[in-house]
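Here is a short briefing on the pockets and nonpolar cores of a predicted model. Please look over the sequence and structure before reading on.

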Amino acid sequence: MGKLTEHLSPRQISFIEQQHLFFVATAAAEGTVNLSPKGMDSFRILNEKQVIWLNVTGSGNETAAHVQQNPRMTVMFCAFHGAPEILRLYGQATAIHRADSAWQSYIGLFPELPGTRQLFLLDIDQVQSSCGMSVPLFDYVGERDSLIAWAEKKGPAGVEAYWAQRNQISLDGFESHILEKSGTAAKSSSD
């Protein structure tokens with residue numbers, strides 16, 4: 001049986017800091033539920049009630065589109081080695097884009113990653129821990145470098161062109177606001 005609390009414990013914070021992979025789930029009021037795996041050095045615990053993670057460019061931008069429609073987010077960690085455990089963080093998320101005033105307050109918490117797209121700040125409502133005894137054991141081999149190589153090859157202008165083509169509208173037709181909130185639209189209109 002899972003245990004619910006309103007904040008992260010020191011033990012849970014330690015558990016999260018040891019993980020190489022987490023999952024993020026979002027949904028608007030209607031339409032597709034999105035579930036995305038996340039890796040890299042992209043997750044930070046701000047305090048027992050707040051976390052933030054960095055989102056790099058991907059094939060879609062469902063999370064940003066959903067959060068701007070409905071701020072509910074679930075972040076899940078599970079143990080692939082050691083004692084079994086699943087940890088879910090339920091809360092209200094805010095998408096932070098480059099042009100947002102909060103961007104500079106948080107971006108320095110992360111390494112510079114080519115293709116960085118948004119930050120997501122999660123205010124935790126509930127934390128659920130459960131056994132995870134059915135999660136298989138896996139060995140961590142290392143990070144993939146494919147996404148970084150792709151973004152470096154495209155360069156900043158190429159990544160922004162990709163956003164224009166593939167990251168503006170969700171599967172359900174919701175806007176992600178990636179271009180106007182990245183500062184790109186403002187630059188284009190002033191040229």
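The lining of the second largest pocket counts 11 nonpolar residues, four polar and four charged. Its volume is about 310 Å³. The model is predicted.

**Second largest pocket**
- This pocket is lined by 19 residues, and Arg98, Leu113, Pro114, Gly115 and Thr116 are the closest to its centre.
- Helix 4 (residues 146–166) gives the most to this lining, with seven residues.

**Largest pocket**
- The largest pocket holds about 960 Å³ of space.
- Its lining has 33 residues, of which Leu21, Pro37, Lys38, Gly39 and Met40 are the closest to the centre.
- Strand 3 (33–38), strand 5 and helix 2 each supply at least two lining residues.
- Strand 3 gives the most, with four residues.
- By class, this lining has 16 polar, 11 nonpolar and six charged residues.

**Nonpolar cores**
- The largest nonpolar core has 22 residues.
- Phe43, Met73, Val75, Phe77 and Leu89 have the most contacts inside this core.
- Two or more core residues come from each of helix 1 (10–17), strand 2 (22–27), strand 5 (50–56), helix 2 (62–69), strand 6 (72–78), strand 7 (86–96) and strand 8 (116–130).
- Another core, of 10 residues, lies apart from the largest one; among its residues are Phe110, Leu113, Leu119 and Leu121.

**Contacts of Phe43**
- Leaving aside neighbours within four places in sequence, Phe43 is in contact with Ile16, Phe22, Val51, Ile52, Trp53, Val75, Phe77, Leu89 and Phe110.

Technical notes
Residues are numbered from 1 along each chain as its sequence is written. This is a predicted model: local features need pLDDT of at least 70, side-chain atom pairs count only at pLDDT 80 or more; totals for chains, interfaces and linings use all residues. Side-chain values use heavy atoms; hydrogens and water are left out. A nonpolar core is a set of buried Ala, Val, Leu, Ile, Met, Phe, Trp, Tyr and Cys residues joined through side-chain atoms within 4.5 Å. Buried means under 20% relative accessible area, exposed over 50%, partly exposed in between (1.4 Å probe, protein chains only). Contact means heavy atoms within 4.5 Å. On a 1 Å grid over the protein atoms alone, a cavity is a set of points where a 1.4 Å probe fits but cannot get out, and a pocket is an open set with protein on both sides within 12 Å along at least five of seven lines; lining residues have an atom within 4 Å of a point. Grid points are joined across faces, edges and corners, and a volume is the space filled by probe spheres set on the points. Ala, Val, Leu, Ile, Met, Phe, Trp, Tyr, Cys and Pro count as nonpolar, Asp, Glu, Lys and Arg as charged, and the others, Gly among them, as polar.
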